[in-house]
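I opened my notebook to look up how charged side chains pair and how neighbouring strands turn back on each other. The entries below follow the order in which I looked.

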Amino acid sequence: MKKIFLLLVLASFWANVVAGTSIKTLMDMPHFYPVRERLFTQSLNGTWKIKIIKGLEIPTDYHRWKDNDYDDKKWDNIIVPGNWETQGLKFPEYGKDLEPYTGLYRTTFKYNPTWEKKHVILRFDGIYYGYKCFINGNKVGEWGSATNLCQFNITPFLHKNKENVLCVQVNTRPMGWLFDTNDCWSLGGITRDVELFTLDDVYLEDVTFTSNITPNLDALIHIRVNTGRFKQENNDYKLNVSLTDTQNNHVLNFSQNIKKDSSVFNFRGEIKNPQLWTAETPNLYRLEVCVVDAKGYVVQRSNENVGIRDIHIDGFNLKINHKPVLLRGVCLNEIDPKLGRALTYKERRQQLEMIKAANINFIRTAHYPFNHEFYELCDEMGFYVCNEIPFGSRGAAYLKQEEYLPNLKARADATLRRDKNHPSVIIWSLGNENPYTPIVEELLKFVKEKDPSRPRGLPQKVSDFMNFASNPSENVDVIMGHYLSDTRIDQAIKMTKKPIIHTEYAHSLGLAFGDFEAKYDRILREEKVIGGSIWCWSDQTIMTLGDTQKNHILKSVWADSLRFIDSYGRSEVPEGKSEIWKEAADGIVYGDGYPQEDYFQVRKVYSPIVVKTKKLNGKLGVANDFNIEVENRFDFISLNGYKIKWKICNVKKIVERGEVWLHIPPRKYATIPLRSTLPDSVDFNDLMLCLEITDSFEKAVYEKNIPILLDNKKDYYSFIKSLPRAQLIQSEISKTKAYIQTENSSFSISNKGIVTITDSKRKVIIKSPLFLRVGRPLTITLDYLTQKDKYFWEPYILEPIVEKFKGKKTQNGIQVKLYCRWHRNGQKKQYVSGIVNISVSDNGVIQSDYCLTPSSGADGYFLECGLTLKLDSIFDTFRWLGEGPFTYTPGKTMYNKRNCWALHKNDLRFIGNRGLVDIAVATDKQRGIGLWSDNGNIGVENINGSIYISQNAIVTGYGSKFTAPQKRKTMDNLKEIKGTLLLFIDDPMYPISFWESIFKPYQTIVPEQPYMKSYGW
C-alpha cells in the first residue's frame, strides 16, 4: 500500500512540474542530454495516425483523443518525420500567410524491460511550429520553437503491462510562431526524429569541448562536463573521459569520481602538434564521455567527433588557427520538393557533396538550426557554418515586447547547447534581417556569455545595416549585410571597425545571378570583407498537382503533365494574403538539386585554384615555353599532389600533351612553364592550350582553354569569303524580288523583307522575314524588377516594314539594299529604322550588314538587339566554336571556356547569347547553315520548334533580383546599332573542306531535358 501511495505522489509531482512548464521556464530545466548512439536510443519514427483540423480549437468530438482507448482507425496515416503538405494532407502555404491549423498525432509503443529503474526521456528534434505532448492522457510538456529540440521525462506516466499512447497536439500558431516563418514554404508537422532513451540516477547533462591553438600550433584542450542527479543518494559513479585521434590512439584520458555535491567537472590537457581542423583539412578526434556505475557498467555515454581548432577576429580578419580565411559561401534552406523539411541522411550527404564540388566552403543555415546530422556531415566533409538562431524578420514586431525575451533565450540556449561542439560551426548569427532593439542586445549578451569562443553577428537588410555598421554593439564581432550596392559597400568600408560578411548577396532569382562575378571580385579586393554567402543554394519548392500560377510567365517547373515543382510562382496573391512577389525560384540548383547554369558559374568563380593567363603566343616548328600563371587561393593547403594536365589541341585533334606537378603554397602565385614543340604544320591551325588541374585523387577541379596566337593563324571571315565558287545558274533583280541560283543553293529576298534560302535539292531551309530582336522573353527577374510595358518592347522580335527596296547584279552575284522600320507594338512614333545591305556571291555566301537607329520618340531599353532569322524546323542543333557551353553575357562569362560546343534546340540551356564565337553552324542530320558574326555574338532561341538565329549587336546582362541588367542600352544613349552576319550552306553534295576539321561529322546531340517544362530565358 505504501508503495502504491509513493508512486501516486511521484506521478502527481511530475505531472505538476512538467505539465505546468511553459516556454518561459524551460530554460531552468536540464533539457539537453548528449545521447545519440543507436544502441542507447529507440526510434519512434514511422507511421502515425493524424487528424488535421482548421483552427486552433479542438472540436468536442475529439475531447478524448489523448486516451488509451480512443478509436483513431478512421484518421489519416502520416509518416514521421514528415510534413503534412508533402503527404497530401494539406495544401502548402507560403511565408506568414499560414492559417491556424491543429494536427492531432497518435502512436503507441511498448514498455521496454531495460527501462526498469531508469528514467525514460522523450526527445523531439523539431516540430513545426509548436506542440503539447501527452503520454497516456497526461500532459508532459510543451514547446514552441520549430527547429530546436526539446526533451521530456515521461517516466511517471508509462504503463508497463500495456501499450503506451503518445499523443502530440501540433499547432501553427504557438507563441512566437512568426519567428519560424520566412521567405519560403511554411510547412507543418513533426519534421525531425522522435526518440526515446534512458538515463540513470546520475546522468550527463552537458559536455563542452573547446580548444585553443598556441602560436606554435600546439593545442590546449578544455573539456567541461555537467552532470545531474534524479536522486540525491551518494551512489558510487565515475566519470571517464577519453580523446582519441583518427588512428584510435588515446591522446588524453581523464577519470574522476562523481560525488554527491559535484555537478561540474573541468578537464584540461595539452596536445603537441595535433592534426588541426579546418574546412580544407577536416581532421576529427573522437571524444567519449561515460558515466560508469559501481559495477563498472557504462550507464550513459556521449560519443562525438570534435575538431581541434580555434577562431578569433584579428583586426579585419577572421582567423582559424591563426590564419585568415576567406568565406566562399551560400545560404542553404532545409527543404526538398518531395520530402519537405524531413530530409534523409542520404539526401543531406548528396546535397553537401554537390555543394563541395561547387568549391563552396561556407554555409549559412538560413534561417534556423538544421537537423543534427547536417553538422556532423559538415564536420566530416569540411565546411564552415554560420549557425542561425531562429528568429526571422516576420516576427520582428515581437522584438520590442519584453515577454518574448524568455522565448528567444530558450531558442538561443537550445541552439548553442546542441551545436557548440561542432568544429564546423564558426559563427553564431542571431535572427535574420531584424531591427537592432534592446531585446536583441540582451540576446547578444546572452550568447556571448554562453559561448565566448565564437564570433557573433546580426544579419541585416540595407537600411538597418548602414546604421548599425557605424555604431555596432560591443557584443557583435562581425558586421553582416544583405544586398549592398557598391556605393553602400564603399560607405560601410569607410565607417566600419569590424570585418564585414555579405550574409546574402547576388540574389539568384530565376536564372539571373548577373552580379555574382562582380560582387565576388569586390570581396577579393576588400581587406575588410571576409566573404559572403550567395542567395541561395536551391529553389525552395514543393511538389504539387497542377498549376498554381496566375499568369503566363513560367516561374516554377513542370516535372510531368500532372506534377508541378512549385516555387510559389504567383503574380497575384489571394485577397487577405500578404506574401506578394515572393517567388522562391532563387537557387543555383533547381528544387530537386538539378544544377542550373549558375551552379557552374559558382564552381568556376569560387575555385580555390585559378589560372590567370588569358592568351599565349606560339610558333609552329619551334620550341615554345608557355608560361602559365596559377594562383592558389586555398587558405591552408599547398598544391602538392595537384598537377596540370595540358593538351595542345587543333580544335578537335590533340597535337601534343603533357603533365606538370604543382607545388604552390597557400595564398600564393606561381608561374608554371609548359615546354612544347609544335609541329611544322597542322591540318587547321586554330590551336588552344587546354588545361585541366586535378587533385591527388585525379579528380578534375579546374579547367581552362587558352587560345594560342600564331602569326599565320587563319581568319574565319576570310575562310568563308574564299569558299569555292559554284556554277551560276540564274540571277534576277526586279522591283519586288532579288534572286540568285547556283548549283548548290539559291537565295531570294522580296520587297517585303522575306528571305528564302534553299539547298542543292531546292529544299527550303530558311523562309523568314528580316526580324529584329529587341529583347528577351519576359522572365521572373524582369517581371519582378520593372513594369514591362514601360521599359521593354513587345513583341521582343519585330517584323520589318520595308520602305525602299533596291537591288543590282554584281560580277559574282547580287546586292540588295533595304530601308526598313521595326515598330514597337504598332506604335507609330516608337521604332527602329535603318539600312540592311545584303550581298550574295556565287559561292553561296550571304553577307548581311545593317546600321540602324531608334526613332526620336522611342523610350525604354533593349536587352538584346540584332538582325534575326527563323530557320526551318528541320534544323535541331546549334554548334559553335567559341565560349561555351553556357550563355555569354555581361556578368556571366567565367564559367565558359573556348571549345567546340553543340546544343539541341530542346535542351534546357539552349536559349541565350553565345559569345566570342569564331564560327557556328545550325544543322539537321546532314546539312548545315554556317554562321559568322562580326562581334562574335550569336543568339539562339527555340520558338515553337524553330531555331531563331540573332546576330546580337547589343547584349546586356541578366541583373539579379535587386539590380537591373548590366550595360543595358537606353534609347537616350543608343545612337547606332550595327552588325554583320554571314551565312553559307554546308551541303553533303558540295562539302566544305576546312569544315571537316571543326564540326564534322555531325554527331547526334541528345537534349538535356530533366523537366517537361522549366522557367528560363
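This is a predicted model: local features need pLDDT of at least 70, side-chain atom pairs count only at pLDDT 80 or more; totals for chains, interfaces and linings use all residues.

**Salt bridges, then hairpins**

I began with Arg123 and Glu195, whose side chains meet in a salt bridge at 2.7 Å, N to O. I noted that this pair links distant parts of the chain, since Arg123 is in strand 6 and Glu195 is in strand 14, 72 residues apart.

Next I turned to Arg927, whose side chain meets that of Asp759 in a salt bridge of 2.5 Å, N to O. Arg927 lies in the loop between strand 61 and strand 62, and Asp759 in the loop between strand 48 and strand 49, so the pair ties together parts that are 168 residues apart in sequence. I looked up Asp924 as well, and its side chain also meets Arg927, at 2.7 Å, N to O. Arg927 counts as buried because its relative accessibility is 9%, which is under the 20% cut-off; Asp759 is buried at 3%, and Asp924 is buried at 9%.

I counted 63 salt bridges by this rule.

My last entry concerns strand 22 and strand 23, which pair in the antiparallel sense over 4 bridges, with Ile313 having Leu318 as its bridge partner. The two strands form a hairpin with 2 residues between them, and Gly315 in the turn has a positive phi of about 65 degrees. Strand 23 is also joined to strand 24 by 2 bridges, and these strands run antiparallel; here Lys319 stands opposite Pro324.

Methods: Residues are numbered from 1 along each chain as its sequence is written. Side-chain values use heavy atoms; hydrogens and water are left out. Two strands pair if DSSP finds at least two bridges between them. A salt bridge is a side-chain nitrogen of Lys or Arg within 4 Å of a carboxyl oxygen of Asp or Glu. Buried means under 20% relative accessible area, exposed over 50%, partly exposed in between (1.4 Å probe, protein chains only).
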